[in-house]
Amino acid sequence: MALAVVLAAPLSARDTGWVLQGEGGLVTALVLEPSAPSVLFASTARGIYKTRDGGRSWRSSGDGLEGRSVLSLAIDPRRPQTLFATTDTGGVFKSADGGDHWNAANTGLSARYVGAVAVDPHAPSTVFAGSESGRLFKSTNGGESWIESTSPTAHICVTAITLDPVTPGIVYVGTNSEGVFKSIDGGIQWSHMTNGLKRATVWNITIDPASSEVVYAGTHEGFYKSINAGALWTPSNRGLTSVNILALVADPKTPGTLYVGTASGIFQSLDAGANWRSLAPDLYATAMAMDPASPSTLYAGTHLGVIKSLDSGTRWAPLRLATRSEDNAHPGSHAATEVPRVEKRQRRGMSF
């Protein structure tokens, strides 16, 4: 989800009631290593950070990305040492060593503002990347070279790319102001799937772990659900205090349990989006990740850095990404930082 960084102005630390001592800045993406979920990557305008211990300590993971604003991240599910990062000025970067070093991977990719990237779970060497001009690129050799796919739409920024984990070839693309496009042949042909969705800006698309027919979309106009693989979308925002859905994750072990990050906090639904309840109000939550082995463990990227919950969002704790001294250090530095000291203030509805 690439464009959250240019939406409404972030809330201040005073608004949250908590002060992070040495905040990490607005987080644009969170990615867990599937086979080792204590390994987490967080991207910010200051670079990429990595933790190996569930957020207790972090190190900078951006050697080769100096001066780049990272918009999205993707990890190869079968080769987790391989990651892809998209940037606003440098196109796509690839790491083959778990994020320690990054190199530009732009052969055949003419766009330099790349807002979204996704690795095909059925063919890990196949990667999709989408640009601000609506152009979609595909690599079948792990990012070594790219060819331009038949663009689903022209001149509209690609904001999200999701591939069906069950059926090969099914790709969903979210755009700004043109809703969702779908391909069932790996990006050769596209259908415009906007029935009920209008032409919303789609920040994220998530396929229900229990059924590929059920697809969720987070948009700037609210949460939408389709029960027929995108043919018809239904809005469902009961209980949400913000309809700007910036992040979206689904519990793989408990069907119907969803979490969204919005411009006014984090919300949970226990009935597949029919109703929502607030878990962490007054946060500008731009990214979310869930431990697939233990879904009660959640991470959220906010305007103040990363927060973590071990109890399905009832309580949250902040995780420091960098100290002030590290902010001025070389981005490739591997110095670790510990969990921050937190100053507690009067707070309603949120405990750390």
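Biologist: Which residue stands opposite Phe41 in E4?
Modeller: This is a predicted model. In it, strand E3 covers residues 40-44 and runs antiparallel to E4. The residue of E4 opposite Phe41 is Lys50.

Biologist: How many bridges join E3 to E4?
Modeller: The two strands form a hairpin, with two residues between them. They run antiparallel, and the number of bridges joining E3 to E4 is five.

Biologist: Which residue in E5 stands opposite Tyr49?
Modeller: E4 also pairs with strand E5, residues 57-60. Two bridges join them, and the strands run antiparallel. Opposite Tyr49 stands Ser60.

Biologist: Which residue takes a positive phi in the hairpin of E4 and E5?
Modeller: Five residues lie between the strands of this hairpin. A positive phi near 70° is found there, at Gly54.

Biologist: How many of the five residues of E4 are buried?
Modeller: Strand E4 spans residues 47-51 and is mostly covered. Of its five residues, the number buried is five.

Biologist: Is Ser131 buried or exposed?
Modeller: Ser131 sits in strand E11, residues 127-131. Buried means under 20% relative accessible area. Ser131 has 1%, so the residue counts as buried.

Biologist: Which residues does Ser131 touch, not counting those up to four places away in sequence?
Modeller: Ser131 lies in E11, and its relative accessible area is 1%. With sequence neighbours up to four places away left out, Ser131 touches Ala111, Tyr113, Val114, Gly115, Ile156, Cys157 and Val158.

Terms used
Residues are numbered from 1 along each chain as its sequence is written. This is a predicted model: local features need pLDDT of at least 70, side-chain atom pairs count only at pLDDT 80 or more; totals for chains, interfaces and linings use all residues. Side-chain values use heavy atoms; hydrogens and water are left out. Buried means under 20% relative accessible area, exposed over 50%, partly exposed in between (1.4 Å probe, protein chains only). Helices (H or I, at least four residues) and strands (E, at least two) are DSSP runs, numbered from the N terminus. Two strands pair if DSSP finds at least two bridges between them. Contact means heavy atoms within 4.5 Å.
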